[in-house]
Amino acid sequence: MSTEVLSPSAKEETATDFLPLMGTDYVEFYVGNAKQAAHYYKTAFGFQSLAYAGPETGVKDRASYVVRQNKLTFVLTTPIRENNEIARHIAKHGDGVKVLALKVADATSAWEETTKRGGKSYLEPTTLKDNEGELVMSGIHTYGDTVHLFIERKSYSGVFMPGYRKWESVYNPPSTGLLYVDHCVGNVGWNQMNPWVKFYEDVMGFKNILSFDDNDISTEYSALMSKVMSNGNGYVKFPINEPAEGKKKSQVEEYLEFYNGEGVQHVALATHNIIETVTALKNRGVEFVKIPPSYYATVLERVGHIDEDLKPLSELGILIDRDDEGYLLQIFSKPVEDRPTLFFEIIQRKGAKSFGKGNFKALFEAIEREQAERGNL
Ligand code: FE2
């Protein structure tokens, strides 16, 4: 009924971690216009141009723009021909996340260990070469049409990977202080959360570190359930949501309808100074879900002392939550495409390792107001 915190013992992890992950390597989005999407992530989010692949580099069916900010790397890919996998993906889902790429020391072993445990192969271990060395990649399918690629870079010193060239631009807007991927959340269908929890346990050796049921995450109208999966060292965390019965349509159901299936709901991006980061993002046009002023009237009674002034947090609409280890500050963007599908979370952790359970109700009521505006509640 209530939140369950499970802390796997460190000893157990090292003994059983058959898939050691060094973190997120990159997130690849399939989009309708990669050139313009790359411009958006530079302008609005403060990414820098890094690399490009397309007809000029010998890639015939697509164009990909790679942008980077600190340890965050996004790849924006678009089809330049019909009748390919990317074109079909976009026709079905709209813009969205295709690849959650994970950094590994050995991409061949990662593929062997996961496929022998039931993972469905997406890409057999493949070595890509150019003058800068060799990069090995492999991959498996996860929920919906989403995939995990395993990226082994130890023998590669190029700008991104073979097939890409350096992308130099005269337009280099300043960073907004975004640092790395904190977690990536997947939305799955009715009764599909536990099968996907089992997939991450069995195939990838992850552990369920937190669970939320519909009593934790419900409003007057809608509900959802969520389990947080983490790899052994905690660098990679994938919460999995499924809808739960409510009076009206939940945000997960709205997502599943408009994405035409399961997929990545949000990517959480870490910052060391959420007030500066969100101020910069807002000034550059990123839109966030609006939180009612009443939230701030009582929040400090719930979370206790925080280092920040409440005023800028309330002006920006930043949410606060606390767990046994500290507190966190978080805010959620509106969907970043026309369909109500993918959005971003900005998060600053000050000790807390949880995901903002205390904010769920206020946040979901705010999201429902926007769903209602779209006629989807
Ligand atoms: Fe999140």
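Predicted model: local features only at pLDDT ≥ 70, side-chain atom pairs only at ≥ 80, totals over all residues.
1. Residues 8–13 have a pLDDT under 50. For that stretch, the model has six contacts beyond four places in sequence. Residues 1–5 also have a pLDDT below 50. Beyond near neighbours in sequence, residues 1–5 have 16 contacts in the model.

2. Now the overall confidence. The protein averages a pLDDT of 93. At least 70 is the score of 96% of the residues.

3. The metal site comes next. Three residues coordinate the iron ion: His 183 through NE2, His 266 through NE2 and Glu 345 through OE. The distances run from 2.0 to 2.2 Å. Along the sequence, the donor residues follow the spacing H-x82-H-x78-E. His 266 sits in strand β15 (residues 263–271) and Glu 345 in strand β18 (residues 343–350), so this pair ties together parts that are 79 residues apart in sequence. His 266 is buried. Glu 345 is buried as well.

4. Two backbone angles deserve a look. Most residues other than glycine have a negative phi. Asn 83, not a glycine, has a positive phi of about 55°. Asn 83 lies in the loop between β5 (72–79) and α3 (85–93). Its relative accessible area is 62%, over the 50% cut-off, so Asn 83 counts as exposed.

5. The second case is Asn 260. Its phi is positive, about 60°, and Asn 260 is not a glycine. Asn 260 is found in the loop between α6 (251–259) and β15. Its relative accessibility is 43%. That value falls between the 20% and 50% cut-offs, so Asn 260 counts as partly exposed.

Technical notes. Residues numbered from 1 in each chain as written. Heavy atoms only, no water. Donors = N, O, S within 2.8 Å, 3.2 Å for Na, K, Ca; no water. Helix = DSSP H or I, 4+ residues; strand = E, 2+ residues; numbered from the N terminus. Buried < 20%, exposed > 50% of the residue type's maximum accessible area, 1.4 Å probe, protein only. pLDDT = per-residue confidence, 0-100. Contact = heavy atoms within 4.5 Å.
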